[in-house]
Amino acid sequence: MKKLAEYKDKIHTCSKCGLCQSVCPVYKATGNDCTVSRGLFIMLRGLIKGDLKMSAKINRYLDLCLKCGACSKFCPSEIDVVDIIVSAKAEYFNKHPFEKLISFIQRVFIFGIGVKLLGLFSKNIKGKEFEKKVIYFGGCGNKLKGNEAVVKLLNSCSIQVITPDFECCGIPFLMRGDVENFNKYKKSFLKILNKQGVKEIVTTCASCEKTLKDYIKDTPEMSDIRVKNIYEYIRENNLKLKLKAPQRVTFHKPCNINNFEDIEWILNNTENLEYTQMEGYDECCGLNGLSKIKEYKIMSKIFRAKHNNIINSRAKIVLTSCLGCETALSLYSTGKYRVFDFAEFLRKNCC
Ligand code: SF4
Ligand code: SF4
């Protein structure tokens, strides 16, 4: 991860065109330019020049950013906004012991003891052996739910699944600017992976997938490792599935999915599955805003927009492919619909 000052030239390429405003969920909720990349970059430029000092107020704006990357996809200057915001967050994090205390609690109690306790009854199965082998990186989702969905779906494609005991991918820490803990997770991943001797990794979670791809991009000796999600394998192998009974579903596309066409192919080719695309299916669910209790007024606008789009789709089942999105959508569903990981849903409902 680069230091904020190293992004100086990239930040200068922002032409202030304001296109990012049209897609930023936080800007749409606030109308405040300080909450979107254009305004954030003006602040960050001030920090780099020394005209401004990092403060709780600037950190508040960095925190309000959901790190969804929607603005980057629109940005004519092709600025990777999330990388820059995270490096600014790291500057704040490193100077504030309270942030480190939160990380400690997160690491020990939430992603450590919490995930272990919640996953006490999940189990991993071995599945069948095939010539083609892949490693399953399930991160926290694997600890909570086990690997049955992945093993059964991939075995149907004549692929054997190996499930080492990986930890979290570390993305929740990186988003808070905690580069030290993120690097610990990355190191643990590489150590476990090196023992396996298998060059393909499968994930079901879009955020894990993006993080692993970033690990590998930054680690030249791992350049022969490939990371794919399970939906690519299903489509490649033309695996046609059938639900036991007809079901109407909608799908929330996580920000980090970059092969949604594979997911759409399965949605449209599974017998008894009626897929209806909700409005704003690809807009951020607001996951990073869940913990921001003080910003409830702003965040609730983002949650409500997604919630209303789901209700208007008239589907009672929402599918997704990111543990974070699944958690956020379930929390604000208020019992009006049920939310499932797509692979888990297929495992439970296919003949
Ligand atoms: S879209 Fe890109 S170039 Fe335009 S204002 Fe936003 S960050 Fe700057
Ligand atoms: S990453 Fe998302 S929330 Fe942050 S500025 Fe860009 S569009 Fe807005």
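**Sheet, domains and ligand shells of the predicted model**

Strand 5 (residues 242-251) and strand 7 form a parallel pair held over three bridges. Pairing requires at least two DSSP bridges between two strands. Helices (H or I, at least four residues) and strands (E, at least two) are DSSP runs, numbered from the N terminus. The model is predicted: local features need pLDDT of at least 70, side-chain atom pairs count only at pLDDT 80 or more, and totals for chains, interfaces and linings use all residues. Residues are numbered from 1 along each chain as its sequence is written, while chains are lettered from A and ligands numbered from 1 in the order in which they are written.

Within the strand pair, Phe251 stands opposite Leu319 of strand 7. The pair belongs to an open sheet of four strands, with parallel pairing and the order 6-5-7-8. Strand 6 (271-275) and strand 8 are the edge strands; each has a single partner, so one side of each lacks a neighbour in the sheet. From one strand to the next, the twist averages 40°. Axes here are lines fitted to C-alpha atoms, for helices over the stretch in contact, and angles run from 0 to 180 degrees between N-to-C directions.

Helix 16 (residues 323-331) has the buried residues Leu323, Gly324, Cys325, Glu326, Ala328 and Leu329. Buried means that 20 or more other C-beta atoms, placed from the backbone, lie within 10 Å of the residue's own. These residues pack against helix 8 (139-145), helix 12 (206-217), strand 7 (317-320) and strand 8 (338-341). Contact means C-beta atoms, placed from the backbone, within 7 Å.

The domain assignment, which is automatic or from a database, gives domain 1 (4-95), domain 2 (133-234) and domain 3 (240-349). The centres of domains 1 and 2, taken over C-alpha atoms, are 29 Å apart. Their contact takes six residues from domain 1 and six residues from domain 2. The domain 1 side comprises four nonpolar, no polar and two charged residues. Ala, Val, Leu, Ile, Met, Phe, Trp, Tyr, Cys and Pro count as nonpolar, Asp, Glu, Lys and Arg as charged, and the others, Gly among them, as polar.

Ligand 1 is surrounded by 15 residues, the closest being Cys14, Cys17, Cys20, Arg38 and Cys75. A residue is near a molecule if its C-beta atom, placed from the backbone, lies within 6 Å of it. Helix 3 (37-49) and helix 5 each give two or more residues to this shell. By class, the ligand 1 shell has nine nonpolar, four polar and two charged residues.

Ligand 2 is likewise surrounded by 15 residues; Cys24, Cys65, Leu66, Cys68 and Cys71 are the closest. Helix 2 (25-30), helix 5 (70-74) and helix 6 (81-95) each supply at least two of the shell residues. The ligand 2 shell divides into twelve nonpolar, two polar and one charged residues.

Terms used
Buried ≥ 20, exposed ≤ 12 C-beta atoms within 10 Å, placed from the backbone. Contact = placed C-beta atoms within 7 Å.
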